[in-house]
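I opened this notebook to record what I looked up in one structure. The entries follow the order of my reading.

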Amino acid sequence: MKCPNCGTIETRVIDSRMAEDGDTVRRRRECPECQTRFTTYERFEERRSLRVIKKDGRREAFVRDKIVRGILKSCEKLPIAYDQIEEIAANVEKQLRREVDEDVPVTLIGQKIMDELKKINSVAYVRFASVYREFTDIDSFQKEISHLLMDKGNS
């Protein structure tokens with residue numbers, strides 16, 4: 001594995017452990033040249049590929065890292081560990097592979113991400129929902145927050 005700091009090709013594994021989802025191995029690595037430590041995640045490659053149907057009808061390959069990037073933006077400056085974000089992405093991908101044959105609407109992906117975020121942090125959920133649902137005014141935010149508060153009151 002290449003060092004993200006200095007580019008050395010050979011790094012060593014310091015620690016390996018199974019992630020909570022059971023399908024991913026988390027490895028802590030260290031570069032022998034610059035002593036930078038970093039984390040990598042290893043998971044099996046799916047033979048069956050998913051395609052995402054975008055809102056405008058275009059189709060593109062499913063890229064799990066797009067889910068991670070979207071969640072990262074929603075969780076910025078919040079006390080949410082990267083491992084939790086990885087776990088959400090893994091859960092969403094696993095659900096999609098179980099439920100969908102090949103083509104998955106982007107709306108389904110967004111809804112599954114929101115369902116997962118709602119479980120861990122309401123602020124991250126509202127941030128993600130505001131972009132995903134394209135809120136254009138304060139009323140949209142207020143309605144979503146009202147629904148969230150009602151859901152919390154019922155649970």
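Entry 1. I note at the outset that the model is predicted.

Entry 2. I looked up helix α1, which spans residues 64-74. I found Arg64, Ile67, Val68, Ile71 and Ser74 to be buried there. These residues lie on the same side of α1, because they cover an arc of only 120° around the axis.

Entry 3. I then asked which elements the buried residues of α1 pack against. They are β3 (37-43), α2 (82-99), α3 (106-120) and α4 (122-132).

Entry 4. I turned to the largest nonpolar core, which holds 28 residues. Those touching the most other members are Ile67, Ile71, Ile109, Ile113 and Leu117. I recorded α1, α2, α3 and α4 as the elements that each give two or more residues to this core. The most comes from α4, with six residues. In soluble globular proteins, I recall, nonpolar side chains tend to be buried together.

Entry 5. Setting aside neighbours within four places in sequence, I list its contacts as Ile85, Ile88, Ala89, Ile113 and Leu117.

Entry 6. I looked up the largest pocket and noted about 620 Å³ of space in it. Its lining comprises 22 residues, and Lys66, Gly70, Val106, Phe128 and Tyr132 are the closest to its centre. The elements giving two or more residues to this lining are β5 (59-61), α1, α3 and α4. Here α1 gives the most, with six residues. By class, I recorded 11 nonpolar, three polar and eight charged residues in the lining.

Terms used. Residues numbered from 1 in each chain as written. Predicted model: local features only at pLDDT ≥ 70, side-chain atom pairs only at ≥ 80, totals over all residues. Heavy atoms only, no water. Buried < 20%, exposed > 50% of the residue type's maximum accessible area, 1.4 Å probe, protein only. Helix = DSSP H or I, 4+ residues; strand = E, 2+ residues; numbered from the N terminus. Arc of directions from axis to C-beta. Contact = heavy atoms within 4.5 Å. Core = buried A, V, L, I, M, F, W, Y, C linked by side-chain atoms within 4.5 Å. 1 Å grid on protein atoms, 1.4 Å probe; cavity = no way out; pocket = protein on both sides within 12 Å on 5 of 7 lines; lining within 4 Å. Points joined across faces, edges and corners; volume = space filled by probe spheres on them. Nonpolar A, V, L, I, M, F, W, Y, C, P; charged D, E, K, R; others polar.
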